[in-house]
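Please keep the sequence and the structure in view while reading.

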Amino acid sequence: MKKHLYEIACALTLCGLVSVSGCAGNGKALTEQIANTEKSIVAARDGNASINAPLELKLADEKLQAAKAAADKNEYDQARNLLEEAQVDADLARAKSGSAKAQQFRDSIKALLKEIEKGQKAQEIYYY
Amino acid sequence: MTQSRLFTYFTMRHLILCLPVVFVISGCAMGPVTTESIERARSAYARIQADPNISANAPVASYDAGQALHLAEQAKDVPTQEHLAYIAERKAQIAVADAEKSMAEKDVQRLQKEKDQILLKSREYEAEKARKEAELVRRQAKQLEAELAELKAKQTERGIVLTLGDVFFETGRAALMPGGLQNIDKLSNFLTKHPDRGVLIEGHTDSVGTAEFNMLLSRSRAEAVRNALLERGISAQRITTKGYGESYPVASNKTAEGRQQNRRVEIVVLNRE
């Protein structure tokens with residue numbers, strides 16, 4: 001009987017220790033991760049992602065909110081996973097709008113070049 | 001009582017002891033799983049492998065995508081794999097977008113250079129055009145000078161004056177002689193080349209004979225030149241004739257030489273309007 005109680009006590013203490021230490025460490029790291037993901041989302045939005053990659057931006061935002069809710073319920077693993085996904089969503093939104101911007105710029109220069117060349121040809125025909 | 005206690009004790013003990021064993025067994029038995037999400041991640045990564053431009057233009061992102069896919073492939077349970085595969089798929093997409101951005105930026109640099117070159121060429125072309133135009137004006141002036149020299153014309157305030165002496169007319173008559181026609185040919189060539197110029201043809205005589213006759217003679221000589229020009233295709237609108245008779249001598253009528261100088265037709269090539 002005594003031996004039995006001892007074993008239970010041991011197991012419980014161990015469990016408690018693990019969960020408590022987990023909580024403290026996780027909470028801090030998670031807060032930092034949330035802040036980083038928020039920063040990435042803001043950066044993507046500033047980079048015009050709401051026009052060039054609206055879905056990725058929305059997913060990132062939704063997952064960030066879900067991660068915060070999970071963290072409030074102490075579901076740290078779930079929160080971490082959601083944050084990781086929100087992070088790649090935000091990164092993709094930023095990459096996509098960066099790419100779209102560069103391509104738009106390229107296309108406008110191409111059009112300009114075409115106009116210049118057309119103008120020059122007309123001029124040459126006129127003078128020669 | 002004893003039985004129940006024994007049961008509890010036994011169960012508890014076994015549960016605690018067996019837990020790790022259960023974990024190890026379940027882990028081994030399942031092995032890497034294959035979900036739909038890993039398929040998506042694989043096909044996203046396949047795009048990077050198929051297009052060498054992507055890894056060349058986004059090497060780090062491409063490497064990260066490969067690593068993420070590798071991790072997802074190793075996942076031992078479905079939820080973990082779905083999570084890791086999602087990340088791997090996104091990373092592959094990021095690599096593609098980064099590469100596209102980088103390629104577009106390189107295109108922009110190339111196009112800017114091309115644009116600069118075209119503009120430079122355009123400026124050179126403008127300078128060349130100006131030079132050519134100046135050259136043309138100079139050549140035209142030179143040509144005009146040469147042509148005028150050929151006509152033995154003089155540049156005066158009224159324009160270019162060319163004098164046909166009486167050697168080109170029979171005495172007392174208005175018909176042009178062949179020697180005079182040669183000069184008319186040169187004049188008509190000149191007028192053809194310079195369609196913006198007109199001519200004023202003025203007939204003059206010496207004082208021999210009556211003033212009325214001389215007036216008529218001077219008009220007839222001017223008319224003769226006009227007709228010759230018309231025959232050579234010069235439009236009548238460009239030609240004006242006038243007879244002045246003996247009233248504007250250029251030399252004395254007392255000597256034969258002076259009278260000869262006074263019997264003349266002056267052709268004024270009018271300046272451009």
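Predicted model: local features only at pLDDT ≥ 70, side-chain atom pairs only at ≥ 80, totals over all residues.

The average pLDDT of chain B is 84, and 86% of its residues score at least 70. One stretch of chain B calls for caution: over residues 18–29 the pLDDT stays under 50, and the model has 1 contact beyond four places in sequence for them. For the complex, the predictor reports an ipTM of 0.76 together with a pTM of 0.57.

The two chains may be taken in turn. Chain A contains 4 helices and 0 strands, so that its elements, read from the N terminus, run α-α-α-α, by the assignment of helices and strands as DSSP runs. Of its 128 residues, 28% count as buried. Chain B has 8 helices and 5 strands, and along the sequence these follow the pattern α-α-α-α-α-β-β-α-β-α-β-α-β. Buried residues account for 29% of the 273 residues of chain B. When contacts in chain B between residues at least 6 apart in sequence are considered, 71% join residues at least 24 apart. For chain A, the corresponding share of contacts joining residues at least 24 apart is 71%.

The strands of chain B show how the pairing is arranged. Strand S3 (residues 199–204) of chain B runs parallel to strand S4 (residues 239–243) of chain B, and 5 bridges join them. Within this pairing, Glu202(B) has Lys242(B) of S4(B) as its bridge partner. Between S3(B) and S4(B) the chain passes through helix H7 (residues 211–231) of chain B, giving a right-handed β-α-β crossover. S3(B) also pairs with S5(B), here in the antiparallel sense and over 6 bridges; the bridge partner of His204(B) in S5(B) is Arg264(B). Strand S5 (residues 264–270) of chain B is largely enclosed by the rest of the structure, because 5 of its 7 residues are buried.

Attention now turns to the contact between the chains. It takes 25 residues from chain A and 24 residues from chain B. On the side of chain B that touches chain A, helix H1 (2–30) and H5 of chain B each supply at least two residues. H5(B) gives the most to this side, with 22 residues.

What remains is the interior. Nonpolar side chains tend to be buried together in soluble globular proteins. In this model the largest nonpolar core has 42 residues, and those with the most contacts inside it are Ala41(B), Ala65(B), Ala72(B), Ala88(B), Ala92(B) and Ala95(B). Both chains take part: two or more residues each come from helix H1 (2–46), helix H3 (54–72) and helix H4 (76–127) of chain A, and from helix H2 (36–50), helix H4 (59–73) and helix H5 (78–150) of chain B. H5(B) gives the most to this core, with 11 residues. Ala92(B) illustrates the packing: leaving aside neighbours within four places in sequence, Ala92(B) is in contact with Ala41(B), Ala44(B), Tyr45(B), Arg47(B), Ile48(B) and Ala65(B). Another core, of 20 residues, lies apart from the largest one and includes Leu164(B), Ile184(B), Leu187(B) and Val269(B).

Terms used: Residues numbered from 1 in each chain as written. Chains lettered and ligands numbered in written order. Core = buried A, V, L, I, M, F, W, Y, C linked by C-beta atoms within 7 Å. Buried ≥ 20, exposed ≤ 12 C-beta atoms within 10 Å, placed from the backbone. Contact = placed C-beta atoms within 7 Å. Pairing = 2+ DSSP bridges. Right-handed = clockwise from strand over helix to strand, strands pointing away. pLDDT = per-residue confidence, 0-100.
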